[in-house]
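The following exercises ask you to read a fold step by step, with the sequence and the coordinates side by side. Try each task before turning to its solution.

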Amino acid sequence: MSSQPRILAFGGSLRRQSFNQKLAYIAADGARQAGAVVTVIALSDFDLPLFSEDFETEHGMPADAKRLKSLFRDHDGLIIASPEYNSSVSGALKNAIDWVSRAETEDEPALVAFAGKSAVICSASPGGLGGLRGLTHLRDILGNLGITMLPDQVAVASAHSALDADGNLADPKQASKIRALGATLAGHLKKHLV
Ligand SMILES: Cc1cc2nc3c(=O)[nH]c(=O)nc-3n(C[C@H](O)[C@H](O)[C@H](O)COP(=O)(O)O)c2cc1C
């Protein structure tokens, strides 16, 4: 590979103190340590209306949806820390994916913002399963969009006590597992990008 892999990392929550956003930062740190250039974003910084084809026909793609889609296009890999809502992904994350999946011109190839990407996923929840059930759904969604899903994933249970206010994981073993997730993606991209 001629240059460092570029990774986009974010949590799938709009909550200000999101456990998942904190997890995204830790995984991003691991990816950086492994040689990737990582951009961490927060979905709450993007003004994305609830996707509707009527809205799209009448107003086109909102500026922030274009901005998010362009970030996806400009990176080689994704780290997504996904909250579990009712055993699945959050509406905010699915809505973001739906906007990013849309073509801006008639001749744009389908799903261009996902093409050739690889991803790792993780989750954090105050519950005992750490959001594991939602990860199964997210893996399916992203895989169906053509993203290469690395098998590694981590679910952090009891997130309210596992993560402190500064976003650190109290258990060093758990912290190194999340960092390793980012490092694994960076390592994979280094091997597979030309
Ligand atoms: C609508 C809703 C549904 C939820 N469903 C689940 C669930 O199925 N499993 C779970 O472990 N936690 C569930 N939770 C709790 C979330 O895991 C918790 O709010 C968590 O903090 C969300 O992630 P965040 O901190 O990144 O925002 C739910 C929360 C909401 C608001």
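**Exercise 1.** Which residue in β5 is the bridge partner of Ala119?

*Solution.* The model is a predicted one, in which local features need pLDDT of at least 70 and side-chain atom pairs count only at pLDDT 80 or more, while totals for chains, interfaces and linings use all residues. Residues are numbered from 1 along each chain as its sequence is written, and side-chain values use heavy atoms, with hydrogens and water left out. The bridge partner of Ala119 in β5 is Met149. This pair belongs to the contact between β4 (residues 118–124) and β5, two parallel strands joined by six bridges; strands are DSSP runs of E with at least two residues, helices are runs of H or I with at least four, and both are numbered from the N terminus. Between these two strands lies the helix of a β-α-β unit: β4, α5 (residues 132–144) and β5 form a right-handed arrangement, where right-handed means that, with the strands pointing away from the viewer, the path from the first strand over the helix to the second runs clockwise.

**Exercise 2.** Determine the strand order of the sheet and identify its edges.

*Solution.* Two strands count as paired if DSSP finds at least two bridges between them. On that basis five strands form an open sheet with parallel pairing, in the order β2-β1-β3-β4-β5. Its edge strands, each pairing on one side only, are β2 (37–42) and β5 (148–156). Neighbouring strands are turned against each other by 15 degrees on average, direction ignored; the axes are lines fitted to C-alpha atoms, for helices over the stretch in contact, and angles run from 0 to 180 degrees between N-to-C directions.

**Exercise 3.** Describe the surroundings of β1 within the sheet.

*Solution.* Take the two neighbours in turn. Towards β2, strand β1 is joined by six bridges in parallel, and Ile7 has Val38 as its bridge partner there. The chain passes from β1 through α1 to β2 in a right-handed β-α-β crossover. Towards β3 (residues 77–81), strand β1 (residues 6–11) makes five bridges, again in parallel, with Phe10 opposite Ile80 and Gly11 opposite Ala81. Finally, five of the six residues of β1 are buried, buried being under 20% relative accessible area, exposed over 50% and partly exposed in between, with a 1.4 Å probe and protein chains only.

**Exercise 4.** Is Gln21 buried or exposed, and which residues does Gln21 touch?

*Solution.* Gln21 is found in helix α1 (residues 19–33) and is buried, with a relative accessible area of 11%. Not counting residues up to four places away in sequence, Gln21 touches Phe10, Gly11, Val40, Ile41 and Ala42, contact meaning heavy atoms within 4.5 Å.
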